[in-house]
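Hello,

Here is the structure I promised to pass on. Please open it alongside this email; my notes follow below.

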Amino acid sequence: MVTLETPDTIRISPSSAHALVQTILFLYGVPSDRAALVADALVLADLRGVDSHGINRLPSYVSRIQAGVLEVNPALEIENKTPVMALLDAENTFGFVAGSLAIDKGIEMASTYGLGVVAVKHSNHYGMASTYLIRAVRQGYAALAFTNASRSMPPWGGKEPLFGTSPFAVGLPGGKRGDFILDMSPSVAARGKIRKAARRGEEIPEGYALDENGRPTTNAEAALRGVVLPIGGPKGSGLAMMMDIFGGLLTGAAFKGDVVDMNKNMNAAQNVGHWFLVFRPELFLDNLEEY
């Protein structure tokens, strides 16, 4: 008898991974064009080595669709507030879709006026923030992308969670020398990395998190029941507060700890907020060649 062993790792092409995600979402009622935006973001995250925000997150999105707390195809309209400022009510659809539409609107405004700011409310987790920066940078624009998230990090010196691990993200085109993309969590480690360690039964480094009793831990499961720690102490805490103000308070989304945890609460919409700024980076210089 021949015994067939299943390899630990099965390698597939990016295009196959994209098609798989798009097909699964289509089967759950997501229109093909919107499913493609989600697939773009998840596969891009994996390709950039940010697998904590890659296609392994797909089951959680599907679970929220099944629970009726994630809308697959709402009508979306962007409301122009001024020629360079706009607001998108995401109507509880995918953060990937809302984020892509918002950054594209920012690019459109910046192409005419040099600058575009778009806020998003009633959204969901939008994955890797670099996704939206890259979308702008590839067209020659600089961009900032802010979002808030469910509570998982305490203010500096505390042990009760209040802020999310909301990434600070900025990108600028660099031409032949390469683009500049900064996408960083205000915590020592993103919560997704701790979930990854928990799935694999691995320990996490010291300094990542506290357990539910406020004690330092290297146990990933205990860390998920507790809180992550801010990077640089009060500096990371300040960045997290800034993300919550821009992503939540200024957009009309949830803030101050009221964003729903997508993995723990399957009965309510997340109401995440995003905030994007897009601009032409060469306008302050004498010519494009100088930039």
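A salt bridge here is a side-chain nitrogen of Lys or Arg within 4 Å of a carboxyl oxygen of Asp or Glu. Keep in mind that this is a predicted model. The salt-bridge count comes to eight by this rule. Three of them are described here.

**Salt bridges**

Start with Lys105 and Glu108. They form a salt bridge, with the closest N and O atoms 3.3 Å apart. Both residues lie in helix H4, three residues apart, or about one turn of the helix. An α-helix has 3.6 residues a turn, so residues three or four places apart point the same way. Lys105 is buried, at 12% relative accessible area. Glu108 is partly exposed, at 47%.

Next, Asp104 and Arg135. Their closest N and O atoms are 2.8 Å apart in a salt bridge. Asp104 sits in helix H4 and Arg135 in helix H5, so this pair ties together parts that are 31 residues apart in sequence. Asp104 is partly exposed, with 29% relative accessibility. Arg135 also counts as partly exposed, at 29%.

Then Arg215 and Asp211. Their side chains meet in a salt bridge at 3.3 Å, N to O. Arg215 is partly exposed at 48% relative accessibility. Asp211 is buried at 13%, because buried means under 20%.

**Helix H2 and its neighbours**

How do H2 and H4 cross? The axes of helix H2 (residues 32-47) and helix H4 (residues 95-113) come within 8 Å and cross at roughly 95 degrees. That makes H2 roughly perpendicular to H4. On the H2 side, the contact is made by Arg34, Leu37, Val38, Ala41 and Leu42. On the H4 side, Phe96, Val97 and Ser100 make it. By class, this contact has six nonpolar residues, one polar and one charged.

What is the span of H2? At 1.5 Å a residue, its 16 residues should span 22 Å. The end C-alpha atoms of H2 are 22 Å apart, which agrees.

Which residues of H2 are buried? They are Arg34, Ala35, Ala36, Leu37, Val38, Ala39, Ala41, Leu42, Val43, Leu44 and Ala45. What covers them includes helix H1 (14-27), helix H3 (58-66), H4 and helix H5 (130-137). Just after H2, Gly49 takes a positive phi of about 85 degrees.

Best wishes

Terms used. Residues numbered from 1 in each chain as written. Predicted model: local features only at pLDDT ≥ 70, side-chain atom pairs only at ≥ 80, totals over all residues. Heavy atoms only, no water. Axes fitted to C-alpha atoms, helices over the stretch in contact; angles between N-to-C directions. Helix = DSSP H or I, 4+ residues; strand = E, 2+ residues; numbered from the N terminus. Parallel < 35°, antiparallel > 145°, perpendicular 65-115°, else oblique. Contact = heavy atoms within 4.5 Å. Nonpolar A, V, L, I, M, F, W, Y, C, P; charged D, E, K, R; others polar. Expected span 1.5 Å × (residues − 1). Buried < 20%, exposed > 50% of the residue type's maximum accessible area, 1.4 Å probe, protein only.
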